[in-house]
Amino acid sequence: MNADVIIVGSGIIGAACADELARRGLEVLVLDDRRGGATAAGMGHLVALDDNPAELKLSDHSIGRWREWARDMDQGCAYRNNGSLWLAANEQEMAVAEAKLKTLREAGMACELLGAEALRATEPELRDGLPGALKVAGDGILYAPNAARWLLTRGGRRIAERQGRVAAIEADEVRLDDGTRLRAPVVVLANGIHAPELAPDLPIEPKKGHLLITDRYPGRVSHTLIELGYVTSAHNASGPSVACNIQPRPTGQLFIGSSRQFGTSDPAVDGPMLARMLRRAVDYMPGLAKLNGIRAWTGFRAASPDGLPLIGEHPRRPGLWLAVGHEGLGVTTAPGTAELLAAQLFGETPPFAAEPYLPERFLGARDAQRTSIPSEAGR
Amino acid sequence: MIDLTLDGRPVRVAAGSTVAAALAIGGDGTSRTAVGGARRAPLCGMGICQECRVTVDGVRRLACQTLCAPGMQVETRP
Ligand SMILES: Cc1cc2nc3c(=O)[nH]c(=O)nc-3n(C[C@H](O)[C@H](O)[C@H](O)COP(=O)(O)OP(=O)(O)OC[C@H]3O[C@@H](n4cnc5c(N)ncnc54)[C@H](O)[C@@H]3O)c2cc1C
Ligand code: FES
């Protein structure tokens, strides 16, 4: 055996799983072919989403972990607990803000409604006439590639990394494209949109997104600004959509999203889509139009049919564990994902119910008993 | 010839010069200060690398893609 666990993918999900399992005493080998993934492309907004109770539980729990970890993270991880403002564009969206306030408060999260005046005072760059916003205090931001690196290195020697492209996984054997064979009793698939290459039955589809970053303009925006249309309409349709998402980076740069497109795997920036996305952001923050955008790029989210990740052992491939399908929320939900996976692997009671995220919901019932590592095995 | 101001000092350049040329003629050639504090200068000269960002009359512009105009105020600091 080459390790207790082999993890395929060193993005934020693979890194968080490696960290969690190494801290429990396992020897972890992380493989990545450096083709790059969503972790390097995304926004790193740590945001509690509540499309359903399971999404809220996973994101809220995970944001709490990031907040604890932030004390030890290096500057490069660029963690800030700057909070999010969910912007209401009309009275209907204000009602949505109120409903969201109730849901989040019931979950014990700190949030408050800002009226038109309070919103203007908080974020003067926003356009006139917005009726208000919901402020979620616990949300934050992160520079995800460096956070992944931090997770892979903070534990010391129990995590080994190796560059290589995994061509196939058969039982406890991982075959690289150069013919190398590596073995471990547990293999974790954490390779984002590429997971179906190694497990063709996974219902994962790429969802393309555009981003743009501006030059440095410190002090103009302090919270991450997201439109409530993000939840009410825009992104719930199946066609291409855009929503206003403006995130202040610690450097003073403004990070602008977001767009969503299915049915394409072309990474090229799509001019009209980018323009639509920027127009949407300018709608909310008119002054943005005068700022200098220095770079635009795209990335792909790994979308599952119900928007929740698949966390747990593959029901028909004993020893193959899944941590995939995190869509547009994987940076946020990486810590909770790792905890759920580890709890199942060690046969422990997870910190919250694991059922909504089990791969069985798409892949069918389990053949055999789940593989598990008795807790005493942790050295 | 065109007269403009670079970080408060007068500079004279030939008509048709870019602001990047004015940086070289009237200053030390640098355009901006990076997050880490180092000075940076135009590199690609074709609007791609973004190293030549300066403030022209209060608006952030690419020096290599901007032609000098009479009375223009160009700032490279902070
Ligand atoms: C535009 C955009 C904006 C986003 N914004 C946010 C946000 O604001 N907040 C948030 O929480 N999330 C956001 N996300 C989502 C988040 O970025 C992802 O959910 C998260 O990064 C997924 O991490 P991962 O580790 O699963 O996958 P990835 O980061 O894609 O990592 C997979 C890794 O696997 C490797 N790999 C693939 N195949 C193989 C193979 N066969 N062999 C070896 N290695 C392999 C790749 O090289 C890669 O490094 C956004 C995503 C996008 C695209
Ligand atoms: S010198 Fe490269 S963009 Fe101007």
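Strand β9 (residues 166–170) of chain A pairs with strand β10 (residues 173–176) of chain A in the antiparallel sense over four bridges, where pairing requires at least two DSSP bridges between two strands and a strand is a DSSP run (E) of at least two residues, numbered from the N terminus. Ala168(A) has Arg175(A) in β10(A) as its bridge partner, and β9(A) and β10(A) form a hairpin with two residues between them, Ala171(A) in the turn having a positive phi of about 50°.

This is a predicted model, in which local features need pLDDT of at least 70 and side-chain atom pairs count only at pLDDT 80 or more, while totals for chains, interfaces and linings use all residues. Residues are numbered from 1 along each chain as its sequence is written, chains are lettered from A and ligands numbered from 1 in the order in which they are written, and side-chain values use heavy atoms, with hydrogens and water left out.

With a disulfide taken as a pair of cysteine sulfur atoms within 2.5 Å, the count over all chains is zero. Two cysteines, each too far from the closest cysteine sulfur for a bond, are listed below; buried means under 20% relative accessible area (1.4 Å probe, protein chains only).
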